[in-house]
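Dear colleague,

Please find below the structure that I am handing over to you. My notes on what was found in it follow directly after.

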Amino acid sequence: MSQRQIIQVFEQYQKSRMQFVQSVADLAARTQNIEVLQNAGVISMLRPLLLDAVPSIQHTAALALGRLADHSDDLAEAVVKEDILPQLVHSLASQNRFYKKAAAFVLRAVAKHSPELSQAVVACGGVDALVLCLEEFDPGVKEAAAWALGYIARHSASLSQSVVDAGAVPLLVLCLLEPEMALKRIAASTLSDIAKHTPELAQTIVDTGAIAHLAQMILNPDAKLKRQVFSALSQISKHSVSLAEMVIEAEIFPAALACLRDPDEYVRKNVTTLIREVVKHTPELSQVIVNCGGLAAVVDYLGNCHGNLRLPGIMMLGYVAAHSENLAMAVILSKGVPQLSLCLTEETEDHIKAATVWSIGQIGHHTPEHAKAVATAALLPKLLYLYMEASSSEDLQTKSKKALKSILQKCTYLPALEPLLYEAPSNILKHVLCQFSKVLPHDSKARRIFVTSGGLKKVQEIEAESGSPLQEYINTINSCFPEEIVRYIQEHQDTNCTQLNHVCSRER
């Protein structure tokens, strides 16, 4: 056999290996092929090819493993059990950029499924290796490494701390300054995943000067970048007053409010989330947002979206209103109440309705004037319905009851209270009658209307235990009217409003 023939044998072997890994990589890209590949024991076949003498075979084998691990946690666990991760991590330091990208993809595909699988990546030195990749010249390698670190960090505070301890944060901040848009996006996303867990982790990101760099990108034309930028700023702001103040000091408002009109719905949602995370802390931070036009902008935003996109805006109005009477009045003057009423009518998900009910309660519980603003929007019957509706979730019922009671305790606008006399159960009715017992003794016009509208007649029909608060309120209400009128109504339960009006005139 000639030398050429011998070489051809090796060439054929190399060609077959290349064809095998390329075919597996292509097959692994389609979900319907995964089970067959798994049953054929493909992972154990790919493992030795990661150490192949041919670089292209190595990185294609890694790509195939990444696609398999990405598909399910079972396959990701199989990759871990085959002891492939230490091999990948060891090779990361010395291989070419194609292999590094593929190896980082495998680490990401394993880590994404669970904290336990992420911990397996950390345990084999994966985080340190990925951080070294952030120092590579090639932006594709940096992007793959940042992406993998983000998937590790998002699971828990301890995993995020592992990423921080490996020195990733300063390098991720430097990635924000790179010209490649994809790298900027992934770096911002990973910083967001780190910041979300604890104030300490968020502070670590702030200490590297990340806020200033993020703030410079809020008006970038790239929508996907803006999503991640506003997400990161939200995750930093949510933890404490001091962190929220640092975001405000970066002077992103009022410029960020322009993004509430962005064509991308997730940019709009993330801006609203940022505003919510800022205003929830203190009246002073809420006032900053109010002063720059944030309330009106969020109310407009709520009118142009639906479903879960509305949730941060709904909660933002509630947080602002909760702080003080003046801020609650600012929400009212910004037409927040009609917009919340619309949300309550249009939305079908109970958790969105519950948030809306909570915000309405925060607006209406301050003073009679605030309660009247809610009452005149016909919200009290809606709250009562949601509380009494059997299909409402427990959380929605609880929040509806709490909001209704808090508003009723301040409401002195009787025309809005009277319809509740006919529908409310006794535990709500006592609050309604309490308000009538406060107002009627001092308002003769209200007393006359109460009689002629049938309100007093309805009070006589209410069954209350002797000595109960409900009975005391009924007695107080009855004492506001001449005994003859009360007795006449009690004796003539079928009396209509015209007859009552005649009786009232005669008694006067």
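**Findings in the predicted model**

Ala378 is partly exposed, as its relative accessible area is 43%. Please note that the structure is a predicted model. The phi angle of Ala378 is near 60°, which is a positive value in a residue other than glycine. The residue sits in the loop that runs between α25 (368-375) and α26 (379-388).

Asp83 presents a positive phi as well, near 60°, and is likewise a residue other than glycine. Asp83 belongs to the loop between α5 and α6. With a relative accessible area of 42%, Asp83 is partly exposed.

A further backbone feature concerns the peptide bond from Phe253 to Pro254, which is cis, with omega near 10°. Pro254 is placed in the loop between α17 (241-249) and α18 (265-279).

Helix α4 comprises 17 residues (residues 55-71). At 1.5 Å a residue, a helix of this length should span 24 Å; the end C-alpha atoms of α4 are 25 Å apart, which agrees. The buried residues of α4 are Ile57, Gln58, Thr60, Ala61, Ala62, Ala64, Leu65, Gly66, Leu68 and Ala69. What covers these buried residues? The cover includes α1 (3-28), α2 (34-39) and α3 (42-46), together with α5 (73-81), α6 (84-92) and α7 (97-111).

Ile6, Val9 and Phe10 make a nonpolar surface patch of about 300 Å².

**Aromatic pairs**

The structure contains three aromatic pairs. One of them is formed by Phe436 and Phe450, with 4.7 Å from centre to centre and 35° between the planes, and is tilted. Phe436 is in helix α29 (residues 426-439) and Phe450 is in helix α30 (residues 444-452), so this pair ties together parts that are 14 residues apart in sequence. Phe436 has a relative accessible area of 0% and is therefore buried. Phe450 counts as buried too, at 1% relative accessibility.

The rings of Phe450 and Phe481 form a pair as well: their centres are 6.3 Å apart and their planes stand at 25°, so this pair is stacked. The pair links distant parts of the chain, with Phe450 in helix α30 and Phe481 in the loop between α32 (469-478) and α33 (483-491), 31 residues apart. Phe450 and Phe481 are both buried. Through such ring pairs, Phe436, Phe450 and Phe481 are linked into a cluster.

**Salt bridges**

How many salt bridges does a search of the whole structure find? The search finds 17 salt bridges. Several of them are described here.

Asp52 and Arg17 meet through their side chains in a salt bridge of 2.6 Å, N to O. This pair links distant parts of the chain, since Asp52 is in the loop between α3 and α4 and Arg17 is in helix α1, 35 residues apart. Asp52 and Arg17 are both buried.

Arg97 and Asp138 also meet in a side-chain salt bridge, at 3.5 Å, N to O. Arg97 is in helix α7 and Asp138 is in the loop between α9 (126-133) and α10 (139-153), so the pair ties together parts that are 41 residues apart in sequence.

The side chains of Arg185 and Asp222 form a salt bridge at 2.9 Å, N to O. Here again the pair links distant parts of the chain: Arg185 is in helix α13 (residues 181-195) and Asp222 is in the loop between α15 (210-215) and α16 (223-237), 37 residues apart. Arg185 is partly exposed, with a relative accessible area of 24%, while Asp222 is buried, with a relative accessible area of 17%.

With kind regards

Note on methods: Residues numbered from 1 in each chain as written. Predicted model: local features only at pLDDT ≥ 70, side-chain atom pairs only at ≥ 80, totals over all residues. Heavy atoms only, no water. Helix = DSSP H or I, 4+ residues; strand = E, 2+ residues; numbered from the N terminus. Expected span 1.5 Å × (residues − 1). Buried < 20%, exposed > 50% of the residue type's maximum accessible area, 1.4 Å probe, protein only. Contact = heavy atoms within 4.5 Å. Patch = residues over 30% accessible without salt bridge, like charges linked within 9 Å, V, L, I, M, F, W, Y side chains within 5 Å. Areas by Shrake-Rupley, 256 points an atom, 1.4 Å probe, with all protein chains shown as cover. Salt bridge = Lys/Arg side-chain N within 4 Å of Asp/Glu carboxyl O. Phe/Tyr/Trp six-rings, centres within 6.5 Å; stacked < 30°, edge-to-face > 60°.
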